[in-house]
Amino acid sequence: MTRGKYRRILGLDPGTGIFGFGVVEIRSGQPKMIDGGVITTPAHTPLPERLEEIYTTIRDLIEELQPDEVVIEKLFFTRNITTGISVAEARGVAMLAAHQARLPIHEYNSNQIKQSLTGYGQAKKFQVQEMVKEALGLKEIPKPDDAADALAAAITHYLMTRFD
């Protein structure tokens with residue numbers, strides 16, 4: 001999906017305590033960072049309130065930044081199933097906000113993101129972040145890490161679809 005000669009991609013890195021987001025705009029085949037950051041919710045806040053905050057903030061970001069499509073990282077967890085379930089719920093409310101805005105939603109797992117940015121599916125976090133910095137022509141790696149991860153998801157989608 002494009003709007004004239006450019007397109008905007010909202011990348012999301014799900015979490016309940018820290019939920020990363022990043023918007024990349026593609027013009028003339030070059031990605032540029034428009035915005036990035038995190039949604040934070042206090043640890044001892046009841047989960048429904050945290051989910052509402054995530055949903056509302058993503059809905060507001062979509063309205064403000066006008067992305068053409070949304071990319072959300074797929075979950076992979078092996079250790080703490082309770083944490084994994086709450087992150088999945090946060091991912092769900094983000095997908096709901098995007099769906100209600102009638103935006104296409106795309107999903108990539110962490111290995112696909114690492115592979116697309118570094119050429120190696122088992123790359124380390126700092127290697128991916130360095131490639132985000134390079135791809136966007138930034139002087140520094142975006143902070144915090146969750147924002148850089150969300151931008152990585154957006155860049156991955158651009159790379160995976162640039163010849164469509």
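Entry 1. I looked up Glu130 and found that it forms a salt bridge with Lys133, the closest N and O atoms being 3.1 Å apart. I note that the model is a predicted one. Both Glu130 and Lys133 belong to helix H4 (residues 125–136), where they are three residues apart, about one turn of the helix. I recorded Glu130 as partly exposed, at 29% relative accessibility, and Lys133 as buried, with a relative accessible area of 15%. I also noted that salt bridges with shared partners join Arg8, Glu25 and Arg27 into one network.

Entry 2. Glu25 is buried, its relative accessible area being 5%, whereas Arg27 is partly exposed at 44%. I next examined Arg59, which forms a salt bridge with Asp60 at 3.7 Å between the closest N and O atoms. Arg59 is partly exposed, at 37%, and Asp60 is partly exposed, at 38%.

Entry 3. I turned to the largest nonpolar core, which has 21 residues. Leu10, Leu12, Phe19, Ile54, Ile58 and Ile62 touch the most other members. Two or more residues each come from strand E1 (6–13), strand E2 (18–27), helix H1 (47–65), strand E4 (69–73) and helix H2 (81–100). H1 gives the most, with seven residues.

Entry 4. I listed the contacts of Phe19, setting aside neighbours within four places in sequence. Among them are Leu12, Pro14, Val38, Ile54, Ile58, Ala90 and Ala94. I then found a second, separate core of 17 residues, including Ala123, Ala153, Ile155 and Tyr158.

Technical notes:
Residues numbered from 1 in each chain as written. Predicted model: local features only at pLDDT ≥ 70, side-chain atom pairs only at ≥ 80, totals over all residues. Heavy atoms only, no water. Core = buried A, V, L, I, M, F, W, Y, C linked by side-chain atoms within 4.5 Å. Buried < 20%, exposed > 50% of the residue type's maximum accessible area, 1.4 Å probe, protein only. Helix = DSSP H or I, 4+ residues; strand = E, 2+ residues; numbered from the N terminus. Contact = heavy atoms within 4.5 Å. Salt bridge = Lys/Arg side-chain N within 4 Å of Asp/Glu carboxyl O.
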